[in-house]
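Trainee: I would like to learn how to read a structure that is new to me. Could we go through it one feature at a time?

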Amino acid sequence: MSTARTRRARPGGTRRRSSSRPVRAGARGAADNRPGRRTTRRPARSTTPRRGPRFTGRAVLLGALVLLLALTLAGPLRQYVAGRQELAELAAEQQALDQRAADLQAQLDRQADPAYIAQQARERLTMVLPGDRLVVVGDAGDPGDTAQDPAGSTARNAPVPWYEGLLGSVAAADGDPSETDPGPPAD
């Protein structure tokens with residue numbers, strides 16, 4: 001017995017054999033080239049490429065994932081930026097404090113010097129060393145000054161009761177030349 005199978009004969013009397021060879025993709029079979037067979041024309045392809053929908057399901061899903069990722073990272077990113085800004089501010093404050101500490105240390109070193117202490121005592125406390133001369137020049141307004149006051153200045157410096165000051169300022173506002181500023185009000 002043979003292992004090959006035979007096909008049954010067709011009623012037309014012709015037998016058709018099938019080939020066991022693989023057919024190349026895109027190659028036409030021999031039946032398409034038979035004479036007398038009606039061929040149909042395919043419509044000509046247009047020059048513009050056919051476009052599918054702009055947003056496919058994958059594109060929408062990808063966009064949603066990117067949006068979710070951006071929203072997830074927005075909070076920590078904002079905290080990171082705020083933390084960096086705070087660190088910069090603290091670094092500037094630290095630098096200012098270091099400069100202030102250096103200035104204060106220099107002032108302490110200067111005040112430890114005996115020559116600086118003697119100079120400050122002479123300027124602030126009018127300290128005089130033995131053998132030095134002290135000359136004090138008084139102002140004209142000192143209580144010990146015996147110079148004469150200018151005429152007419154005593155009336156201005158005398159305190160005036162508050163109601164006389166009020167009436168005097170009302171009279172001055174009305175334009176009365178006889179009343180002038182009466183001076184400071186008395187308490």
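Trainee: How many aromatic pairs does the structure hold?

Mentor: Please keep in mind throughout that this is a predicted model. The structure holds one aromatic pair. Its partners are W162 and Y163, whose rings lie 5.9 Å apart from centre to centre with 85 degrees between their planes, an edge-to-face arrangement.

Trainee: Why does W162 count as exposed, and why does Y163 count as partly exposed?

Mentor: The general idea is that a residue counts as exposed when its relative accessible area is over 50%, as buried when that value is under 20%, and as partly exposed in between. W162 has 59% relative accessibility and therefore counts as exposed, whereas Y163 has 45% and so counts as partly exposed.

Trainee: Which residues form a nonpolar patch on the surface?

Mentor: The patch is formed by W162, Y163, L166 and V170, which together have about 460 Å² of accessible area. V170 has its place in helix α4, which covers residues 162-174, and this valine counts as partly exposed because its relative accessibility is 44%.

Trainee: Which residue lies over the face of Y116?

Mentor: That residue is R110, and it is placed at 5.5 Å from the centre of the ring.

Trainee: How many helices and strands does the secondary structure of the chain come to?

Mentor: There are four helices and zero strands, so that reading along the sequence gives the pattern α-α-α-α.

Trainee: Among contacts between residues at least 6 apart in sequence, what share join residues at least 24 apart?

Mentor: For this chain, the share of such contacts that join residues at least 24 apart is 35%.

Note on methods:
Residues numbered from 1 in each chain as written. Predicted model: local features only at pLDDT ≥ 70, side-chain atom pairs only at ≥ 80, totals over all residues. Heavy atoms only, no water. Phe/Tyr/Trp six-rings, centres within 6.5 Å; stacked < 30°, edge-to-face > 60°. Buried < 20%, exposed > 50% of the residue type's maximum accessible area, 1.4 Å probe, protein only. Lys NZ or Arg CZ within 6 Å of the ring centre and 35° of its normal. Helix = DSSP H or I, 4+ residues; strand = E, 2+ residues; numbered from the N terminus. Contact = heavy atoms within 4.5 Å. Patch = residues over 30% accessible without salt bridge, like charges linked within 9 Å, V, L, I, M, F, W, Y side chains within 5 Å. Areas by Shrake-Rupley, 256 points an atom, 1.4 Å probe, with all protein chains shown as cover. Salt bridge = Lys/Arg side-chain N within 4 Å of Asp/Glu carboxyl O.
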